[in-house]
Amino acid sequence: LRDFCLTIQKGDRMGIRGPSGSGKSTLFHLLLGLYPPVEGSVVIDGVPLTAGNAAAWQKQVGYVPQEVFILDDTLLVNVTLGTDPAVIDHDKVQKALEWAGMGDYVRLSADGLATRLGDGGNKLSGGERQRIGIARALYQDVSVLLLDEATSAVDNQTELEINESIRRLSSRSDLTLLVIAHRGTALDFCDRIIDLGEELQEGPHELNHNL
(Lines give C-alpha, C1' and ligand atoms only; values in the text may rest on other atoms or scores of the structure.)
Protein backbone atom coordinates (compact mmCIF):
# COMPACT_ATOMS: atom_id res chain seq x y z
CA LEU A 1 0.00 0.00 0.00
CA ARG A 2 1.40 3.38 -1.02
CA ASP A 3 0.00 6.88 -1.33
CA PHE A 4 -3.18 5.71 0.38
CA CYS A 5 -5.43 7.64 2.78
CA LEU A 6 -8.70 6.32 4.19
CA THR A 7 -11.11 7.63 6.83
CA ILE A 8 -13.55 5.18 8.45
CA GLN A 9 -16.35 6.54 10.60
CA LYS A 10 -17.93 4.65 13.49
CA GLY A 11 -20.84 2.57 12.21
CA ASP A 12 -19.57 2.41 8.62
CA ARG A 13 -20.26 -0.67 6.49
CA MET A 14 -17.27 -0.74 4.18
CA GLY A 15 -16.32 -3.24 1.50
CA ILE A 16 -12.77 -3.67 0.24
CA ARG A 17 -11.97 -5.39 -3.02
CA GLY A 18 -9.08 -5.66 -5.47
CA PRO A 19 -6.83 -8.17 -7.22
CA SER A 20 -4.42 -10.44 -5.34
CA GLY A 21 -1.44 -8.47 -4.11
CA SER A 22 -3.25 -5.13 -4.08
CA GLY A 23 -2.97 -4.77 -0.29
CA LYS A 24 -6.34 -5.90 1.08
CA SER A 25 -4.98 -8.12 3.84
CA THR A 26 -2.13 -5.68 4.43
CA LEU A 27 -4.73 -3.00 5.16
CA PHE A 28 -6.38 -5.25 7.76
CA HIS A 29 -3.04 -6.07 9.36
CA LEU A 30 -2.29 -2.36 9.64
CA LEU A 31 -5.70 -1.65 11.17
CA LEU A 32 -5.17 -4.48 13.65
CA GLY A 33 -1.81 -3.05 14.69
CA LEU A 34 0.00 -6.27 13.81
CA TYR A 35 2.78 -4.20 12.29
CA PRO A 36 3.35 -0.46 11.87
CA PRO A 37 3.33 1.34 8.52
CA VAL A 38 6.77 2.19 7.13
CA GLU A 39 5.49 5.72 6.50
CA GLY A 40 2.33 7.49 7.61
CA SER A 41 0.16 6.35 10.51
CA VAL A 42 -3.02 4.66 11.68
CA VAL A 43 -4.96 7.16 13.81
CA ILE A 44 -7.89 6.23 16.07
CA ASP A 45 -9.94 9.11 17.50
CA GLY A 46 -6.96 11.39 16.93
CA VAL A 47 -4.50 9.04 18.69
CA PRO A 48 -1.82 7.27 16.61
CA LEU A 49 -1.82 3.48 16.92
CA THR A 50 1.49 2.35 18.45
CA ALA A 51 3.01 -0.76 20.01
CA GLY A 52 2.15 0.74 23.40
CA ASN A 53 -1.61 1.02 22.83
CA ALA A 54 -2.15 -1.76 20.26
CA ALA A 55 -3.30 -4.33 22.85
CA ALA A 56 -6.07 -2.03 24.12
CA TRP A 57 -7.21 -1.35 20.56
CA GLN A 58 -7.18 -5.04 19.62
CA LYS A 59 -9.66 -5.78 22.42
CA GLN A 60 -12.17 -3.64 20.51
CA VAL A 61 -11.57 -5.31 17.14
CA GLY A 62 -12.78 -8.71 15.97
CA TYR A 63 -11.04 -10.44 13.07
CA VAL A 64 -12.54 -13.35 11.10
CA PRO A 65 -9.95 -14.84 8.70
CA GLN A 66 -10.54 -17.06 5.68
CA GLU A 67 -9.82 -20.16 7.78
CA VAL A 68 -11.33 -20.01 11.28
CA PHE A 69 -9.45 -21.98 13.95
CA ILE A 70 -11.71 -24.52 15.69
CA LEU A 71 -10.71 -26.46 18.80
CA ASP A 72 -11.61 -30.13 19.21
CA ASP A 73 -14.03 -29.14 21.96
CA THR A 74 -17.58 -27.92 22.51
CA LEU A 75 -19.40 -25.13 20.72
CA LEU A 76 -19.44 -23.19 24.00
CA VAL A 77 -15.66 -23.39 24.40
CA ASN A 78 -15.08 -22.40 20.78
CA VAL A 79 -17.25 -19.29 21.01
CA THR A 80 -15.80 -18.18 24.37
CA LEU A 81 -12.24 -19.08 23.43
CA GLY A 82 -9.87 -18.31 26.32
CA THR A 83 -12.61 -17.22 28.74
CA ASP A 84 -12.58 -18.56 32.30
CA PRO A 85 -15.44 -21.12 32.43
CA ALA A 86 -16.51 -19.67 35.78
CA VAL A 87 -17.43 -16.33 34.20
CA ILE A 88 -18.92 -17.43 30.87
CA ASP A 89 -22.21 -15.66 30.15
CA HIS A 90 -24.40 -18.31 28.48
CA ASP A 91 -27.09 -15.81 27.47
CA LYS A 92 -24.44 -13.71 25.77
CA VAL A 93 -23.15 -16.78 23.94
CA GLN A 94 -26.65 -17.54 22.68
CA LYS A 95 -27.12 -13.95 21.46
CA ALA A 96 -23.75 -13.99 19.67
CA LEU A 97 -24.69 -17.23 17.91
CA GLU A 98 -28.08 -15.80 16.90
CA TRP A 99 -26.44 -12.71 15.39
CA ALA A 100 -23.99 -14.95 13.55
CA GLY A 101 -26.78 -17.08 12.09
CA MET A 102 -26.05 -20.17 14.21
CA GLY A 103 -29.21 -20.12 16.33
CA ASP A 104 -30.91 -22.94 14.43
CA TYR A 105 -27.76 -25.06 14.66
CA VAL A 106 -27.88 -24.83 18.46
CA ARG A 107 -31.61 -25.53 18.64
CA LEU A 108 -31.36 -28.56 16.36
CA SER A 109 -28.33 -30.07 18.12
CA ALA A 110 -29.19 -32.58 20.82
CA ASP A 111 -26.37 -31.29 23.03
CA GLY A 112 -26.85 -27.59 22.29
CA LEU A 113 -23.85 -25.55 23.41
CA ALA A 114 -22.20 -28.76 24.63
CA THR A 115 -22.03 -30.13 21.05
CA ARG A 116 -18.49 -31.22 20.24
CA LEU A 117 -17.18 -29.88 16.95
CA GLY A 118 -14.48 -32.43 16.15
CA ASP A 119 -10.82 -32.10 15.26
CA GLY A 120 -10.41 -28.82 13.41
CA GLY A 121 -14.19 -28.52 13.27
CA ASN A 122 -14.55 -31.57 11.03
CA LYS A 123 -18.18 -31.95 12.13
CA LEU A 124 -19.00 -28.51 10.73
CA SER A 125 -19.55 -27.15 7.25
CA GLY A 126 -17.31 -24.36 5.96
CA GLY A 127 -20.10 -21.85 6.51
CA GLU A 128 -20.66 -23.00 10.09
CA ARG A 129 -16.96 -22.56 10.87
CA GLN A 130 -17.07 -19.01 9.54
CA ARG A 131 -20.17 -18.17 11.55
CA ILE A 132 -18.56 -19.51 14.72
CA GLY A 133 -15.68 -17.14 14.01
CA ILE A 134 -18.18 -14.28 13.80
CA ALA A 135 -19.92 -15.36 17.02
CA ARG A 136 -16.54 -15.60 18.76
CA ALA A 137 -15.81 -11.97 17.88
CA LEU A 138 -19.28 -10.78 18.89
CA TYR A 139 -19.04 -12.51 22.28
CA GLN A 140 -16.06 -10.28 23.05
CA ASP A 141 -18.21 -7.15 22.56
CA VAL A 142 -16.03 -5.78 19.77
CA SER A 143 -16.97 -2.45 18.22
CA VAL A 144 -15.17 -3.14 14.92
CA LEU A 145 -15.44 -6.38 12.94
CA LEU A 146 -13.04 -7.25 10.11
CA LEU A 147 -14.09 -10.08 7.77
CA ASP A 148 -11.27 -11.28 5.51
CA GLU A 149 -12.65 -13.23 2.53
CA ALA A 150 -15.17 -15.02 4.75
CA THR A 151 -16.92 -16.53 1.69
CA SER A 152 -13.93 -17.30 -0.53
CA ALA A 153 -13.68 -21.04 0.21
CA VAL A 154 -17.36 -22.04 0.32
CA ASP A 155 -19.98 -23.11 -2.20
CA ASN A 156 -22.65 -20.77 -3.57
CA GLN A 157 -25.38 -21.82 -1.12
CA THR A 158 -23.06 -21.45 1.89
CA GLU A 159 -21.95 -18.07 0.57
CA LEU A 160 -25.58 -16.94 0.52
CA GLU A 161 -26.02 -18.09 4.13
CA ILE A 162 -22.89 -16.29 5.34
CA ASN A 163 -23.87 -13.15 3.43
CA GLU A 164 -27.25 -13.24 5.16
CA SER A 165 -25.47 -13.40 8.53
CA ILE A 166 -23.33 -10.41 7.55
CA ARG A 167 -26.41 -8.47 6.42
CA ARG A 168 -27.98 -9.18 9.80
CA LEU A 169 -24.89 -7.73 11.48
CA SER A 170 -25.05 -4.65 9.26
CA SER A 171 -28.26 -3.61 11.04
CA ARG A 172 -26.33 -3.06 14.27
CA SER A 173 -25.53 0.64 14.64
CA ASP A 174 -22.96 -0.12 17.37
CA LEU A 175 -20.77 -2.18 15.03
CA THR A 176 -18.35 -0.95 12.34
CA LEU A 177 -17.99 -3.57 9.59
CA LEU A 178 -15.10 -3.92 7.14
CA VAL A 179 -15.37 -6.75 4.64
CA ILE A 180 -12.82 -8.02 2.12
CA ALA A 181 -14.44 -9.93 -0.73
CA HIS A 182 -13.77 -10.79 -4.36
CA ARG A 183 -17.42 -11.36 -5.27
CA GLY A 184 -19.65 -8.30 -5.44
CA THR A 185 -22.63 -10.08 -3.87
CA ALA A 186 -20.75 -10.24 -0.56
CA LEU A 187 -20.60 -6.42 -0.51
CA ASP A 188 -24.22 -5.61 -1.38
CA PHE A 189 -24.95 -4.32 2.12
CA CYS A 190 -21.98 -1.90 2.20
CA ASP A 191 -22.33 1.88 2.34
CA ARG A 192 -18.96 2.30 0.65
CA ILE A 193 -16.69 0.05 -1.42
CA ILE A 194 -12.97 0.74 -1.67
CA ASP A 195 -11.22 -0.61 -4.78
CA LEU A 196 -7.52 -1.34 -4.35
CA GLY A 197 -5.80 -1.52 -7.71
CA GLU A 198 -2.34 -1.28 -9.22
CA GLU A 199 -2.55 2.51 -9.37
CA LEU A 200 -2.66 2.70 -5.56
CA GLN A 201 0.72 1.03 -5.02
CA GLU A 202 3.01 3.93 -5.93
CA GLY A 203 4.09 6.96 -3.92
CA PRO A 204 4.46 7.62 -0.17
CA HIS A 205 2.24 5.66 2.21
CA GLU A 206 -0.23 7.35 4.49
CA LEU A 207 -3.13 5.59 6.21
CA ASN A 208 -5.57 7.38 8.48
CA HIS A 209 -8.29 5.48 10.33
CA ASN A 210 -10.83 7.37 12.44
CA LEU A 211 -13.37 5.69 14.73
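Reader: Which element gives the most to the lining of the largest pocket?

Author: The model is a predicted one. In it, strand β4 gives the most to that lining, with four residues. The elements that give two or more residues are β4 and α6 (126–139). The lining has 16 residues, and Y63, L81, G133, R136 and A137 lie nearest the pocket centre. By class, ten are nonpolar, four polar and two charged. The volume is about 220 Å³.

Reader: Which parts does the pair tie together?

Author: F28 lies in helix α1 (residues 24–32) and Y63 in strand β4 (residues 61–64), so the pair ties together parts that are 35 residues apart in sequence.

Reader: Why does F28 count as buried, and why does Y63 count as partly exposed?

Author: Buried means under 20% relative accessible area, and exposed means over 50%. F28 is at 0%, so F28 counts as buried. Y63 is at 31%, which falls in between, so Y63 counts as partly exposed.

Reader: How do you know that the charged end of K92 sits over the ring of Y139?

Author: The charge must be within 6 Å of the ring centre and within 35 degrees of the ring normal. The charged end of K92 is 5.0 Å from the centre of the Y139 ring and sits over that ring. Likewise, R172 lies over the face of W99, at 5.0 Å from the ring centre.

Methods:
Residues are numbered from 1 along each chain as its sequence is written. This is a predicted model: local features need pLDDT of at least 70, side-chain atom pairs count only at pLDDT 80 or more; totals for chains, interfaces and linings use all residues. Side-chain values use heavy atoms; hydrogens and water are left out. Buried means under 20% relative accessible area, exposed over 50%, partly exposed in between (1.4 Å probe, protein chains only). On a 1 Å grid over the protein atoms alone, a cavity is a set of points where a 1.4 Å probe fits but cannot get out, and a pocket is an open set with protein on both sides within 12 Å along at least five of seven lines; lining residues have an atom within 4 Å of a point. Grid points are joined across faces, edges and corners, and a volume is the space filled by probe spheres set on the points. Ala, Val, Leu, Ile, Met, Phe, Trp, Tyr, Cys and Pro count as nonpolar, Asp, Glu, Lys and Arg as charged, and the others, Gly among them, as polar.
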